[in-house]
Amino acid sequence: MTTDNTTHFGFKQVARDDKVKLVRGVFDSVAGNYDIMNDLMSMGIHRIWKRIAVQLANVRKGESVLDLAGGTGDLTALFEQCVGKDGQVVLADINAQMLRTGRDRLIDKGLAGNIRYAQVNAECLPFEDNSFDCVCIGFGLRNVTDKDAALRSMHRVLKPGGRVIVLEFSHPIDPVTEKVYDFYSFNLLPKIGKWVAKDEDSYRYLAESIRMHPKQDELKKMMENAGLERCEYFNMTQGIVAVHRGYKI
Ligand code: SAM
């Protein structure tokens, strides 16, 4: 639950102004191990979730894409293939350390040509109105303090006809999956974080922040309230992850 001056950081209630610093602390801490932890935690399945999200974005050659909260650039690398040499992808993130790791990885993959980088807060994007054919936020919205402001900002920078894609952990659609997933998230995940990344707290935050994220229908409504149209969502892995898509008409 969020009040005027406080918001949630995982299961804790914190001052709204403090959340951005706390989230920064998490990603400063995990940046170096972020990619290996993603593979370990999801048994590699995050690569499939990301490919499906990119397919649902239906990006064509020559288009411009904003990969918001893009972190170490997995989605940017996939979008780069879609837009081709005449298109452009902007990898944008609030965290300098995640962006630096992402830029180094993309350069190492030889994918630097049509990729730009921007350190931004999703709540107040520093781009002109109607700039992008697609704005995608992958596993990022959960960490944003004012999600409604972020969705409005994403809608503003989208060209008419463009689409917003929100790829995010969501809520299992059946009780058996929910039970197994809860056990995994609260018992095993922090331990994996401790052993591999030497950081139990950040991975406990991950599990808690997922539980505090709006359910599928609520997020769809928030997207509609931000001005997006034809909003729909696609559950993956029994709702553990969902892709939401909406258009600017
Ligand atoms: N999109 C990447 C992926 O799917 O692998 C990275 C996701 S990572 C879990 C979440 C990212 O959101 C972090 O890099 C973090 O710095 C970024 N982030 C958190 N709050 C943000 C905000 N208000 N604006 C922009 N990025 C933010």
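Helix axes here are lines fitted to C-alpha atoms over the stretch in contact, and angles run from 0 to 180 degrees between N-to-C directions. Helices themselves are DSSP runs (H or I, at least four residues), numbered from the N terminus.

A word on the model: it is predicted, so to speak of local features takes pLDDT of at least 70, side-chain atom pairs count only at pLDDT 80 or more, and totals for chains, interfaces and linings use all residues. Residues are numbered from 1 along each chain as its sequence is written, and side-chain values use heavy atoms, with hydrogens and water left out.

Let's start with α2 and α3. Helix α2 (residues 34-42) and α3 have axes that come within 7 Å and cross at roughly 100°. That makes the two roughly perpendicular (65 to 115 degrees; under 35 is roughly parallel, over 145 roughly antiparallel, and the rest oblique). On the α2 side, Asn-38, Asp-39 and Ser-42 make the contact, and α3 brings Ile-45, His-46, Arg-47, Trp-49 and Lys-50 (contact means heavy atoms within 4.5 Å). By class, that's two nonpolar, three polar and three charged residues.

| Pair | Angle | Axes apart |
|---|---|---|
| α3 (residues 45-57) and α4 (residues 74-83) | about 40° | 10 Å |
| α1 (residues 16-30) and α8 (residues 200-212) | about 125° | 10 Å |

With that angle, α1 and α8 are oblique to each other, and α1 passes α8 in a left-handed crossing (the near helix is turned anticlockwise from the far one by less than a right angle; clockwise would be right-handed). Val-23, Val-26, Ser-29 and Val-30 of α1 touch Ser-202, Tyr-203 and Tyr-205 of α8. Sorted by class, this contact has five nonpolar, two polar and no charged residues.

As for α3 and α4, α3 passes α4 in a right-handed crossing. Here His-46, Lys-50, Arg-51, Val-54 and Ala-57 of α3 meet Asp-74, Leu-75, Leu-78, Phe-79 and Cys-82 of α4. The tally is six nonpolar, one polar and three charged residues.

Now the ligand. It is surrounded by 19 residues, and the closest are Tyr-34, Ala-69, Asp-93, Ala-122 and Gly-138 (near means a heavy atom within 4 Å). Asp-93 also has a side-chain N or O atom 2.6 Å from an oxygen atom of the ligand. Lys-50 places a polar side-chain atom 3.1 Å from a ligand oxygen, while for Asn-121 a side-chain N or O atom is 2.9 Å from a nitrogen atom of the ligand. Lys-50 turns up in the α3 contact with α4 too.

How values were computed
Ala, Val, Leu, Ile, Met, Phe, Trp, Tyr, Cys and Pro count as nonpolar, Asp, Glu, Lys and Arg as charged, and the others, Gly among them, as polar. A polar contact is a pair of N or O atoms within 3.5 Å; within protein, one must be able to donate a hydrogen and the other to accept it, and residues adjacent in sequence count only if both atoms are side-chain atoms.
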